[in-house]
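This report concerns the packing of helices in one protein model. The sequence and structure are shown first.

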Amino acid sequence: MALTDLQEQFAVAYATNGGNATHAAIEAGYSAENARTLGPRQMRNPEVIDRILDELHRQRARAGAVGLSVLIEVAQSKVAAPAARVSAARTLVEHAGLIGTARDADEVRKLAAGGRVVDYLRVLEALQGLPSPANDQATSDDQVAPEVNAFLREALA
């Protein structure tokens with residue numbers, strides 16, 4: 001059976017407000033007098049609960065997409081502090097599954113069977129030590145490149 005408009009609005013409001021059934025009922029359009037009993041009653045309806053779960057999944061996916069977008073923007077920013085850029089890049093690389101826990105790194109090394117495996121976590125941590133821009137000025141790629149290249153030559157040797 002399809003949800004009524006009030007049930008739909010209740011489910012979305014409940015998922016959005018952090019789980020307060022009474023406030024969700026009022027926001028959905030139920031009277032303040034009846035919201036205290038109708039809100040909890042809606043929480044016993046399996047279809048309403050399913051819709052709440054769907055809305056929570058949608059909100060989570062949206063938050064993840066926004067978060068990734070912001071991380072990408074910071075990582076690529078020419079005006080962000082180098083430490084912020086490295087932190088954002090590290091988070092993105094972890095999210096992509098390219099680096100993980102020490103156990104994961106050991107498993108990768110075993111799979112490489114003697115081949116060279118770059119420890120990207122070590123690379124990112126070392127890059128965090130690069131100088132920050134003075135007077136809130138962005139550090140140009142030309143200023144950073146020699147230090148990065150020197151480190152990478154050593155790390156990849």
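Is the crossing of H2 and H3 left-handed or right-handed? In this predicted model, the crossing of these two helices is right-handed. The axes of H2 (residues 21–28) and H3 (residues 32–42) approach within 7 Å and cross at roughly 125 degrees. Because angles of 65 to 115 degrees count as roughly perpendicular and those over 145 as roughly antiparallel, H2 is oblique to H3. On H2, the contact is formed by Ala 21, Thr 22, Ala 25 and Ile 26, and on H3 by Ala 32, Ala 35, Arg 36, Gly 39 and Pro 40. By class, these residues comprise 6 nonpolar, 2 polar and 1 charged.

A second pair is formed by H4 (residues 46–76) and H5 (residues 82–95), whose axes come within 8 Å and cross at roughly 135 degrees. H4 is therefore oblique to H5. The crossing of H4 and H5 is left-handed. H4 contributes Leu 68, Leu 71, Ile 72, Val 74 and Ala 75 to the contact, while H5 contributes Ala 84, Arg 85, Ala 88, Ala 89, Thr 91, Leu 92 and His 95. The residues of this contact divide into 9 nonpolar, 2 polar and 1 charged.

| Helix pair | Axes come within | Crossing angle |
|---|---|---|
| H2 and H3 | 7 Å | roughly 125 degrees |
| H4 and H5 | 8 Å | roughly 135 degrees |

The loop between H4 and H5 contains Ser 77. Ser 77 has a relative accessible area of 17% and is therefore buried. A polar atom of the Ser 77 side chain lies 3.1 Å from the backbone nitrogen of Val 79.

Conventions:
Residues are numbered from 1 along each chain as its sequence is written. This is a predicted model: local features need pLDDT of at least 70, side-chain atom pairs count only at pLDDT 80 or more; totals for chains, interfaces and linings use all residues. Side-chain values use heavy atoms; hydrogens and water are left out. Axes are lines fitted to C-alpha atoms, for helices over the stretch in contact, and angles run from 0 to 180 degrees between N-to-C directions. Helices (H or I, at least four residues) and strands (E, at least two) are DSSP runs, numbered from the N terminus. Angles under 35 degrees count as roughly parallel, over 145 as roughly antiparallel, 65 to 115 as roughly perpendicular and the rest as oblique. A crossing is left-handed if the near helix is turned anticlockwise from the far one by less than a right angle, and right-handed if clockwise. Contact means heavy atoms within 4.5 Å. Ala, Val, Leu, Ile, Met, Phe, Trp, Tyr, Cys and Pro count as nonpolar, Asp, Glu, Lys and Arg as charged, and the others, Gly among them, as polar. Buried means under 20% relative accessible area, exposed over 50%, partly exposed in between (1.4 Å probe, protein chains only). A polar contact is a pair of N or O atoms within 3.5 Å; within protein, one must be able to donate a hydrogen and the other to accept it, and residues adjacent in sequence count only if both atoms are side-chain atoms.
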